[in-house]
Amino acid sequence: MENLEQVHLQVNEVFYPTEELKKECIVQDYESMYKKSIENPDEFWSEVASELFWYQKWDKVLEWNFPYAKWFVNGKTNITYNCLDRHVENGRRNKLAFISVDEEGNEKKITYGELLERVNRLANGLKSLGLSKGDRVSIYMPNTVEAVISMLACARIGVIHSVVFAGFSEGALKIRVNDAKAKAVITATYTKRRGKKIPLLPTVLEATKDLDFVKHIIVWDRDKEIEESQQNGKIVDFENLIKSSSPVCNPEIMDAEDPLFILYTSGTTGKPKGVLHTVGGYMVNTYLTTKTVFNIKEDTVYWCTADVGWITGHSYIVYGPLANGTTSVIMEGVPVYPHPGIWWEYVEKYRVNVFYTAPTAIRMLMRFGDEIPAKYDLSSLKIIGSVGEPINPEAWLWYYKHVGKEKAKVVDTWWQTETGAHMITTLPCYPAKPGKAGKPMFGVVADVVDKQGNSLPPNTIGYLVIRKPWPSMLRTCWGEPERYEKYWKDIPGNVYNADDLAAIDEDGYIMIVGRADDVLNVAGHRIGNAEVESAIIEHPAVAEAAVIGKPNEIKGESIKAFVVLKEGYTPSPELVDEIKETVKEVLGAIAVPDEIEFVDKLPKTRSGKIMRRVLRAKELGQELGDISTLED
């Protein structure tokens, strides 16, 4: 097993799209379209951007002064015009934009015409409170249409929105509101999770009590609990603000490089980084990727299960789907409440065609058994996507077989808060390899290199880098340009370092192995944590696993695994031996964990990523560091 890191990267199975799906694909020939996007980027991106509305066309597609980029230079547009007015004017006024549902089955439907009117009214309401272009507003809302309206109302008038996931603690919220110097916070009295009302307003009041620059707290009062007397100058009623404002609001004419939003992402160290995205390039790339990766047609019903508090929610619940004029499902709640088939119940009810979720959720649903999805008619599904972390082959195959019924195409997507849109994926028309994200998206030049920036041979793990700028790239880190520049200066060669480890196979398929700080070095062998976890999950009793490296005098690092069992299995020494044997068979003796500890659950971020560093810190008795993104 001398060359462990090369051997186990071979994925032998290849899955082809059905003939029926192939005929329907918007992109029929990935190779030639990709070639054009790399060899003729100006022409390629001009054509894509021309499908959208601009008040003034750009003078130049890209201006690149390393490491700073400007896209669609001097182009003028408004993203909400492209997401709303354009469709209303093109005969889609009465088309459903969102079907908003919760755990109890309550449903609210809103058309493009109604959405435009509510966005305009709230935008006028924000203006009446003294907000204008360039101001920042923090949004701390449930995963509902009201959150979408809040984002779009800001974008309508050039206010920079900063959405904070509504599960963050007051400390985490305060850091983000303070860093953005938000003049207002939009929130709700509560959000719903597992049948309980989780209060949000008290968190906002506590987080903002010493922040004098926060002039207004706009509250969606869900059960009419706030009495008139409490609505002082600072607390403003969301619905009253909408009702008392005009339904006509001309969109602010925005430069392509004007800021659209700030979204905070946790670094491995220090306070969170405020990733800044701008209007033009972000709009063009979220529009293109949504259309081509999910094969969006006029009658598509689309459901991304993310929360608007994350980049996936921004790009693939709000801006991408609305720019394409599609009908989306948006849900407030969790995937297993009130029962573990709730998602499949809604897929059946709304005849969802495209379903986009995270591997963590897939593995959680796997625990409940194959018979749950079998109870529902999931035949409407054509594309099932994966996002947020590498999907292990076992979860991929379960998803394909039990959710997609071996007909829907699995599209894995790799990208980041910083990239704004999909960077690597397997397009619907293209053969898929379980466990491999796929090939670079249009305009993306990806490579795998060593720390010195040299390209590595096939099936060798190294750093994933992007060699050229792309339209939806972050433009800076809010107030901290040096943190932005670090992305481009970490590895020699003027490349963007994603800080992820990956390998490229002979066919050009890229496998994401995990974060660069999630790598084990056992007796001189570099082994990705994700791969060992994947091997552990091959054992039929295991639902989830996380592995960490512990200092070891002989091997450099020894491997410790934390394992969550499926329902009906109990921990035993025999089970420990069986799991070790499984890892040995899948990866070889070098990767077998020295210790296995059975746990009830793993520490995760609210977007579903396992926080291995928390496990490592606890195990080694170290400081836990920034855990503001921790789910529990």
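In the predicted model described here, the backbone nitrogen of Gly 105 lies 3.1 Å from a polar atom of the side chain of Asp 102, and the backbone nitrogen of Glu 104 lies 3.0 Å from a polar atom of that side chain. A polar contact is a pair of N or O atoms within 3.5 Å; within protein, one atom must be able to donate a hydrogen and the other to accept it, and residues adjacent in sequence count only if both atoms are side-chain atoms. Residues are numbered from 1 along each chain as its sequence is written, and side-chain values use heavy atoms, with hydrogens and water left out. Because the model is predicted, local features need pLDDT of at least 70 and side-chain atom pairs count only at pLDDT 80 or more, whereas totals for chains, interfaces and linings use all residues.

Asp 102 itself is placed in strand 4 (residues 96–102), where strands (E, at least two residues) and helices (H or I, at least four) are DSSP runs numbered from the N terminus. With a relative accessibility of 5%, Asp 102 counts as buried, a term that means under 20% relative accessible area, while exposed means over 50% and partly exposed lies in between (1.4 Å probe, protein chains only). When neighbours within four places in sequence are left aside, Asp 102 is in contact (heavy atoms within 4.5 Å) with Lys 192, Glu 332 and Tyr 346.

Two strands pair if DSSP finds at least two bridges between them; strand 4 and strand 5 run antiparallel and are joined by 5 bridges, with Ser 100 standing opposite Lys 108 in strand 5.

Strand 24 (residues 462–466) runs antiparallel to strand 26 and is joined to it by 4 bridges, and Tyr 463 stands opposite Leu 501 in strand 26. Strand 26 also pairs with strand 27 (residues 510–515), in the antiparallel sense and over 5 bridges, and here Leu 501 stands opposite Gly 514. Strands 26 and 27 form a hairpin with 5 residues between them, and in the turn Gly 508 has a positive phi of about 90 degrees.

Among the helices, the axes of helix 5 (residues 79–92) and helix 6 come within 9 Å and cross at roughly 145 degrees, the axes being lines fitted to C-alpha atoms over the stretch in contact, with angles running from 0 to 180 degrees between N-to-C directions. This crossing of helix 5 and helix 6 is left-handed, meaning that the near helix is turned anticlockwise from the far one by less than a right angle, whereas clockwise would be right-handed. The axes of helix 6 (residues 112–128) and helix 7 (residues 145–156) come within 8 Å and cross at roughly 60 degrees, and helix 6 passes helix 7 in a right-handed crossing. The residues making this contact include Leu 115 and Leu 116 of helix 6 and Val 145 and Ile 149 of helix 7.

In helix 12 (residues 311–323), 13 of the 13 residues are buried, so this helix is largely enclosed by the rest of the structure. Helix 12 is followed by Gly 325, whose phi is positive, near 65 degrees.
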